Amino acid sequence: MEYDEQNVFSKILRGEIPINSVYEDEYALAFEDINPQAPVHLLVIPKGSYVSLDDFTMEASEKEVAGFLFAVGHVARQAGLSGSGYRILANHGTDANQEVPHFHVHIVGGRNVGKMISLKDK
Ligand code: 5GP
């Protein structure tokens, strides 16, 4: 899948859409989800142009992959979730209903987020 420079997270990286940023470094940007599904719902995105985890793990350098994952852990700790716990998830493609075609990891917590995501048929 070709990367769409007009996707919303690409615009966020270019500073064209405002966000509540919680962390930024050379590999990642983290911000609050606009439609939170839990008391804490953060998104962590890589700085590079990758459509999803599939694309990221095929095309990104080891430094980018490592830097991004370190950022995810840091953001969760910074949000105070290490003690109580949290879930990370990343949607890829149609069956996962990925909405924004720029790779992102959701961090959700701040309450018990249940056993697992809903896998109910639509
Ligand atoms: P996906 O379904 O692609 O894994 O998740 C996309 C997420 O991006 C959703 O949770 C949605 O609420 C969030 N989102 C979409 N547009 C914006 C936006 O403009 N700003 C922020 N902060 N989050 C957004």
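Helices (H or I, at least four residues) and strands (E, at least two) are DSSP runs, numbered from the N terminus. The model is predicted, so local features need pLDDT of at least 70 and side-chain atom pairs count only at pLDDT 80 or more, while totals for chains, interfaces and linings use all residues. Residues are numbered from 1 along each chain as its sequence is written, and side-chain values use heavy atoms, without hydrogens and water.

View 1. Leaving aside residues up to four places away in sequence, N7 touches V100, P101 and H102 (heavy atoms within 4.5 Å).

**View 2. Polar side chains at the ligand oxygen atoms.** A polar side-chain atom of D33 lies 2.5 Å from an oxygen atom of the ligand. For H104, an N or O atom of the side chain is 2.8 Å from a ligand oxygen atom, and for H106 a polar side-chain atom also lies at 2.8 Å from one. The protein buries 85% of the 520 Å² that the ligand exposes when taken alone (Shrake-Rupley method, 1.4 Å probe).

**View 3. The shell around the ligand.** Among the 16 residues around the ligand, D33, N91, E99, H104 and H106 come nearest (a heavy atom within 4 Å makes a residue near). Helix 1 supplies the largest share, 3 residues, and strand 2 (28-32) supplies at least two.

How values were computed:
A polar contact is a pair of N or O atoms within 3.5 Å; within protein, one must be able to donate a hydrogen and the other to accept it, and residues adjacent in sequence count only if both atoms are side-chain atoms. Ala, Val, Leu, Ile, Met, Phe, Trp, Tyr, Cys and Pro count as nonpolar, Asp, Glu, Lys and Arg as charged, and the others, Gly among them, as polar.
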